[in-house]
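Student: I've just loaded this model and would like to talk through how it is put together. Where shall we start?

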Amino acid sequence: MPACCIAHIDVDAFFASVLVRADPSLQGKPLLALGMGGGCVIAASYEAKAKGIKTGMRLLDARKLCPGAIERISDFAEACRASVHIEEILARECPAMEKMSVDEWFLDLRTLVGGIPEDLGAWALDTQCMIRRHLDLTVSVGIGPTKTLAKMASEYRKPAGATIVIGTQSPAKNHEASRPEPSRRAAGATIVGDLIVLLTTFLSGEELTLAFLLKVLVVLLVAGAGFMHFMADLWGYWVQNPGRARMVNWSVGVLVIFAIIAGFFIVGTPGQAREYRLDQQKVNDLQSIQSQVVYYWQQKQKLPATLAELNDPLSYYSVPVDPQTGSAYTYQVNGARSFELCAEFNTKSDGISAKGRVVTMPVALGTNDNWQHAAGGQCFSRTIDPERYPPIIKPVQY
Ligand SMILES: [Mg+2]
């Protein structure tokens with residue numbers, strides 16, 4: 001049988017249910033349906049199963065577990081008729097059927113009249129209703145990509161349960177749906193990672209700011225929602241509740257669009273983000289050049305005439321260039337210890353980004369004391385304070 005969309009139909013407590021059907025006074029009572037010789041339990045009602053009775057158990061053991069249970073020899077002839085009747089009903093719908101035992105069948109849903117049902121949950125429910133209506137017996141239905149999974153699924157919710165371990169109908173989609181495991185693992189790993197970050201931050205004594213806690217919470221919620229989605233998919237919840245699935249789909253879609261639009265307003269478009277990043281790079285470059293100019297002055301007590309003089313193959317220093325245009329930054333000497341560095345910026349520096357760029361060296365005298373800039377061309381004048389950055393005294397050579 002192909003490994004796609006297999007349904008397993010299993011009559012609940014078959015021999016016991018046949019006895020109950022014949023004698024409704026047994027309904028709701030612990031009942032042991034016994035084999036021919038009467039020494040073995042071949043089926044037990046769910047009231048008896050609740051006490052620990054298992055199929056195939058010796059009657060003596062069963063009595064110990066459930067002393068008040070009603071014992072009846074199974075009606076094999078009636079059970080056989082019921083089995084044949086169920087098989088006829090199933091065969092009318094699904095030609096590719098495989099009988100596993102007197103009360104269990106595998107169906108290849110691809111051979112169903114009308115093709116694979118769009119709503120597998122509804123199909124399972126219809127099948128259960130049809131058998132109940134015709135035979136007054138309940139069945140559990142399991143649907144999965146393989147017979148093993150289908151059988152496990154039918155056993156998952158008994159009695160009269162329906163479990164689907166694939167979320168879609170077509171073989172292609174089925175292939176996707178039968179692989180939720182990596183996604184669940186990824187969601188689970190994200191949750192664990194998120195909690196580890198929270199814990200290590202807490203244990204290392206770092207300040208747990210509100211922003212950090214909110215970030216952890218958002219990651220936890222998103223990963224948790226993803227995890228629950230895949231679990232629900234595995235349990236067939238979305239298939240059984242298509243209305244809710246549609247509602248969740250739409251809600252998530254709207255939420256994602258809202259988040260993207262809000263993101264544009266809060267952090268800017270990707271183009272703006274790139275411009276901010278390039279501006280930051282330019283400021284970093286200017287800081288680096290400035291440090292080298294100061295070092296040069298400390299070494300030689302004069303400013304370099306051009307930036308090219310700062311290139312030093314021994315220390316592997318190479319003067320950075322504008323990352324956007326590829327051209328050199330503008331450098332100008334304004335005095336013995338004064339110089340100017342210029343660059344073209346895309347945007348105005350905001351307060352937050354400027355905070356991290358407050359110049360540390362050299363101390364500027366009366367001019368720009370940080371790297372805040374407007375959009376467009378901007379020059380930063382610097383004057384070296386020789387008291388703070390004194391010339392490096394070289395040992396006298398004799
Ligand atoms: Mg059964």
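**Helix H4 and onward**

Tutor: Let us start with H4, whose face turned away from its buried side carries the exposed residues Ala-77, Cys-80, Val-84, Glu-88 and Arg-92. A residue is called buried if 20 or more other C-beta atoms lie within 10 Å of its own, exposed if 12 or fewer, and partly exposed in between, with C-beta atoms placed from the backbone. Helices (H or I, at least four residues) and strands (E, at least two) are DSSP runs, numbered from the N terminus. This is a predicted model, in which local features need pLDDT of at least 70 and side-chain atom pairs count only at pLDDT 80 or more, while totals for chains, interfaces and linings use all residues. Residues are numbered from 1 along each chain as its sequence is written.

Student: OK, and which are the buried residues of H4?

Tutor: They are Ala-79, Ala-82, Ser-83, Ile-86 and Leu-90. Seen down the axis of H4, these buried residues fall within an arc of 100°, so they line one face of the helix; the arc is that of the directions from the helix axis to the C-beta atoms.

Student: What do the buried residues of H4 pack against?

Tutor: Their partners are strand E1 (6–11), helix H1 (14–22), strand E5 (97–101), strand E6 (104–108) and helix H5 (120–135), where two residues are in contact if their C-beta atoms, placed from the backbone, lie within 7 Å.

Student: How far apart are the end C-alpha atoms of H4?

Tutor: They are 26 Å apart, which agrees with the 26 Å that the 18 residues of H4 (residues 76–93) should span at 1.5 Å a residue. The expected span is 1.5 Å times one less than the number of residues.

Student: Zooming out, how many helices and strands does the protein have?

Tutor: The protein has 13 helices and 11 strands, and buried residues make up 26% of its 398 residues. Of the contacts with a separation of 6 or more, 56% are between residues 24 or more positions apart.

Student: What about the largest nonpolar core, and which residues have the most contacts inside it?

Tutor: That core has 52 residues, and those with the most contacts inside it are Ala-16, Leu-31, Leu-32, Ala-33, Ala-44 and Ile-143. H1 gives the most to this core, with 6 residues. Apart from it lies another core, of 15 residues, among them Leu-286, Val-293, Tyr-331 and Phe-339. A nonpolar core here is a set of buried Ala, Val, Leu, Ile, Met, Phe, Trp, Tyr and Cys residues joined through C-beta atoms within 7 Å.

Student: Switching to sheets, in what order do the 5 strands of the open sheet come?

Tutor: The order is E5-E6-E1-E7-E8, with mixed pairing, and two strands are said to pair if DSSP finds at least two bridges between them. The edge strands are E5 and strand E8 (162–164), each pairing on one side only. Strand E7 (residues 139–144) and E8 pair in the parallel sense over 3 bridges, and the bridge partner of Gly-142 in E8 is Thr-163.

Student: And the open sheet of 3 strands, what order does that have?

Tutor: Its order is E9-E10-E11, with antiparallel pairing. Strand E9 (330–333) and strand E11 (376–383) stand at the edges, each with a single partner strand, so one side of each is left without a neighbour in the sheet. E9 is joined to strand E10 (residues 338–345) by 4 bridges, and Tyr-331 stands opposite Leu-341 in E10.

Student: Which residues does Gln-332 touch?

Tutor: Gln-332, which has its place in strand E9, touches Phe-339 and Glu-340, not counting residues up to four places away in sequence. With 13 C-beta neighbours inside 10 Å, Gln-332 counts as partly exposed.

Student: Last topic, the backbone: where is the cis peptide bond?

Tutor: The cis bond joins Lys-158 and Pro-159, with omega about -5°, and Pro-159 lies in the loop between helix H6 (147–156) and E8. Ala-160 lies in the loop between H6 and E8 and has a positive phi of about 55° although it is not a glycine. Asp-136, in the loop between H5 and E7, also has a positive phi, near 55°.
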